[in-house]
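Let's take a look at this protein and how its parts hold on to each other. Keep the picture open while you read.

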Amino acid sequence: MSSSTAKGKAPSAAETPYELPWVEKYRPTVLDDVVGNSDTIERLKVIARDGNCPHIIISGLPGIGKTTSIHCLAHQLLGDAYKEGVLELNASDDRGIDVVRNKIKTFAQKKVTLPPGRHKIIILDEADSMTPGAQQALRRTMEIFSNTTRFCLACNMSNKIIEPIQSRCAILRYAKLRDQEILKRLLEICEMEKVEYNDDGLTALIFTSEGDMRQAINNLQSTYSGFGFVSGDNVFKVCDQPHPIIVQATIRACLKGDIDGAIEKVNQLWEQGYSAVDIVVTIFRVVKIFDEMPEYTKLEYIKEIGFTHMRILEGVGTLIQLAGLVARLCKMNSKPELFKV
């Protein structure tokens, strides 16, 4: 009986406390809250204040606030008219030539009541995945409707966007977020969500995110949901990357010329199921920030790691390839006369 009544009646909001992903929950709504890239954000604030918005291309790595910045700008420019005055299309929507000719054109022709001196905004997220044909069709549309409509494109690589569109837009480049900027935001979220953590946990989150704020916040939420406490080990269990402590032990063994110890550690990672690419990339990232070796040794190590990475990407991702890398790293720290036959 109870099940039939439940089917007939939609559950109230109080009964189903849906947990928003923290990425969405703490997504900035005004440009002042966007983290990092302060010079570029200042330029967007000037545009928001003056209302004279050019066509814009924002390029940069994933998870550093490109789409968020465009939405904040649109909100500040259009205010309450945001819903009618903005059309957003991203890579999950169909964006072939037909969509440019029909959907985008129809929206550009539509009459909308906006604040005086403001334009309609078309947001094309992940614009570098649009086909060249669709981009060509966009050229003329941008020119014809430029008196009523502005285009904002977000992309990972601006060189994938055809030259004629680039020349019609102001290009803003976003750099990778710095560790301090990510740490500050993570601490704010930990405080608001009452998350228990230790310093190792936050360091691990920053290490695994590689300057990607979205990744850092997702990993924080996943670790907290899974373990209830954010520690270094818990973060690496969730992110499933080779543990930097093991990689550091490998490098220390190489510096001593201890080939057996180094190969044992690499074997340990291999048996945990990590691919050769994962292991080599983590070795590179650990060597890059490793303080216990002189600069010239670090340069030589990175050169060898780079060559091994190239071979692995060409398809030779075997344990022997990794053992060869470890052997070459050990050889650098051994006396040359030992190799004379």
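**Salt bridges and a domain interface**

The structure holds 13 salt bridges, where a salt bridge is a side-chain nitrogen of Lys or Arg within 4 Å of a carboxyl oxygen of Asp or Glu. Side chains of opposite charge can pair when their charged atoms come close. Bear in mind that this is a predicted model: local features need pLDDT of at least 70, side-chain atom pairs count only at pLDDT 80 or more, and totals for chains, interfaces and linings use all residues. Residues are numbered from 1 along each chain as its sequence is written, and side-chain values use heavy atoms, leaving out hydrogens and water.

**The domains**

- The protein splits into domain 1 (22-173), domain 2 (179-239) and domain 3 (244-334), with bounds that come from an automatic or database domain assignment.
- Taken over C-alpha atoms, the centres of domain 1 and domain 2 are 31 Å apart.
- Domain 1 puts 10 residues into the contact and domain 2 puts in 15 residues; contact here means heavy atoms within 4.5 Å.

**Where domain 1 meets domain 2**

- About 1200 Å² is buried between domain 1 and domain 2, and carbon and sulfur atoms give 62% of that; buried area is the accessible area (1.4 Å probe) that two parts lose on being put together, summed over both.
- The rule finds 1 salt bridge across this interface of domain 1 and domain 2.

- Glu-193 and Lys-25 join their side chains in a salt bridge at 2.7 Å, N to O.
- Glu-193 sits in the loop between α9 (179-192) and α10 (199-209), while Lys-25 belongs to helix α2 (residues 22-25), 168 residues apart; helices are DSSP runs (H or I, at least four residues), numbered from the N terminus.
- Glu-193 is buried, at 16% relative accessible area, but Lys-25 is partly exposed, at 40% (buried means under 20%, exposed over 50%, partly exposed in between, with a 1.4 Å probe and protein chains only).

- Arg-140 and Glu-143 form a salt bridge (2.6 Å, N to O), and both lie in helix α7 (residues 132-144), 3 residues apart, about one turn of the helix.
- Glu-143 is partly exposed, with a relative accessible area of 38%.
- Over in helix α9, Glu-188 and Lys-184 are 4 residues apart, about one turn of the helix, and their side chains meet in a salt bridge of 3.8 Å, N to O.
- Glu-188 is partly exposed at 29% relative accessible area, whereas Lys-184 is exposed at 55%.

**A network**

- Salt bridges link Asp-32, Glu-42 and Lys-45 in a network.

Key: Helix = DSSP H or I, 4+ residues; strand = E, 2+ residues; numbered from the N terminus.
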